[in-house]
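I opened the model with the sequence beside it and kept these notes as I went. The entries follow the order in which I looked things up.

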Amino acid sequence: MVLLIILVLTLVFVAGASTYRLMMLRRGGTAALLRVLPARGGQGWRHGLIRYDEDRLVFFKLTSLKFGPDSTVHRQGLEIVERRHPQGDEFDIMSDDIVVVAVTDPQAGFELALDRGSMAAFLSWVESRPSDRAQRKGPT
C-alpha cells in the first residue's frame, strides 16, 4: 500500500511538473537548437525555445522538467565567435536554411542553430546592447 502511495505521488509530481513546463513553453519564444561547447560532431544539440530578456537570453529545452531555463546566455560580454551552416550529421536534425552561430559569454560557450529570420532577430538583439562605456558607474 505504501509503495502504491509513493508511486501515485511521484506520478502526480511528474504530471504537475510537465504541465508547468508546457505552460512555460506555450508563453512563446523562438524555436532554436542549442548545445553547450565543447561538443563533437553533431552531438549535444537540444531542441527548445529561446526568449530574449533585456540582459540575457534564456533557453528552455522541450524535453526537460526543470522549472526554470535550462541555459542562460548573458548579453553583456557576449561574443560571436563563428557563423556557419550545418555540417556532416547535423543535417539529420537541421535543414539547409539553418545558420549555426557559436557564441561565448563570460560563463560558457554555446552554439545556437536558428533559421534566417530568427538569426536576424538574435543579431539585432546582440548589436543593440549598450556598450561597456555607456554603463553607469557607481559613485567614486
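**Charges**

I began with the charges: the protein chain has 18 positive and 16 negative ones, and their mean positions are 6 Å apart. Lys and Arg count as positive, Asp and Glu as negative, while His and the chain ends are not counted. I took the place of each charge as NZ of Lys, CZ of Arg, CG of Asp or CD of Glu.

**Ground rules**

I note that this is a predicted model, in which local features need pLDDT of at least 70, side-chain atom pairs count only at pLDDT 80 or more, and totals for chains, interfaces and linings use all residues. Residues are numbered from 1 along each chain as its sequence is written, and side-chain values use heavy atoms, with hydrogens and water left out.

**Whole chain**

I looked up the secondary structure and found two helices and seven strands in the protein chain. Their pattern along the sequence is α-β-β-β-β-β-β-β-α. Helices (H or I, at least four residues) and strands (E, at least two) are DSSP runs, numbered from the N terminus.

I then checked the dimensions. The radius of gyration of the protein chain is 18 Å, whereas a compact globule of 140 residues would be near 14 Å. That radius is taken over C-alpha atoms, and the globule rule is 2.2 Å times the number of residues to the power 0.38. Along the principal axes, the C-alpha atoms fill a box of roughly 65 × 50 × 25 Å.

For the surface I noted an accessible area of about 9200 Å², with 58% belonging to carbon and sulfur atoms. Areas come from the Shrake-Rupley method with a 1.4 Å probe; for residues, only the protein chains shown count as cover. Of the 140 residues, 33% count as buried. Buried means under 20% relative accessible area, exposed over 50%, and partly exposed in between (1.4 Å probe, protein chains only).

Contact means heavy atoms within 4.5 Å. Among contacts between residues at least 6 apart in sequence, 47% join residues at least 24 apart.

**Arg84 and Glu111**

I found Arg84 in strand β5 (residues 79-84) and Glu111 in strand β7 (residues 109-115). Arg84 is buried at a relative accessible area of 10%, and Glu111 is buried at 5%.

Which side chains make polar contacts with that of Arg84? I recorded Glu90 at 2.8 Å and Glu111 at 3.1 Å. A polar contact is a pair of N or O atoms within 3.5 Å; within protein, one must be able to donate a hydrogen and the other to accept it, and residues adjacent in sequence count only if both atoms are side-chain atoms. The side chain of Glu111 also has a polar contact of 2.7 Å with that of Arg35.

Leaving aside neighbours within four places in sequence, Arg84 is in contact with residues including Trp45, Val99 and Val100.

I placed Val36 in strand β1. Val36 counts as partly exposed because its relative accessible area is 48%. Beyond its neighbours within four places in sequence, Val36 is in contact with Gly109 and Phe110.

Next I checked the peptide bond joining Leu37 and Pro38: it is cis, with omega about 5 degrees. Pro38 lies in the loop between β1 (30-36) and β2 (46-52).

**Ser64**

My last entry is Ser64, in the loop between β3 (56-61) and β4 (71-74). Is Ser64 buried or exposed? Ser64 counts as buried, at 11% relative accessibility. Apart from neighbours within four places in sequence, Ser64 is in contact with Arg21 and Asp70. The C-alpha atoms of Ser64 and Arg21 are separated by 7.7 Å, and the two residues are 43 apart along the chain.
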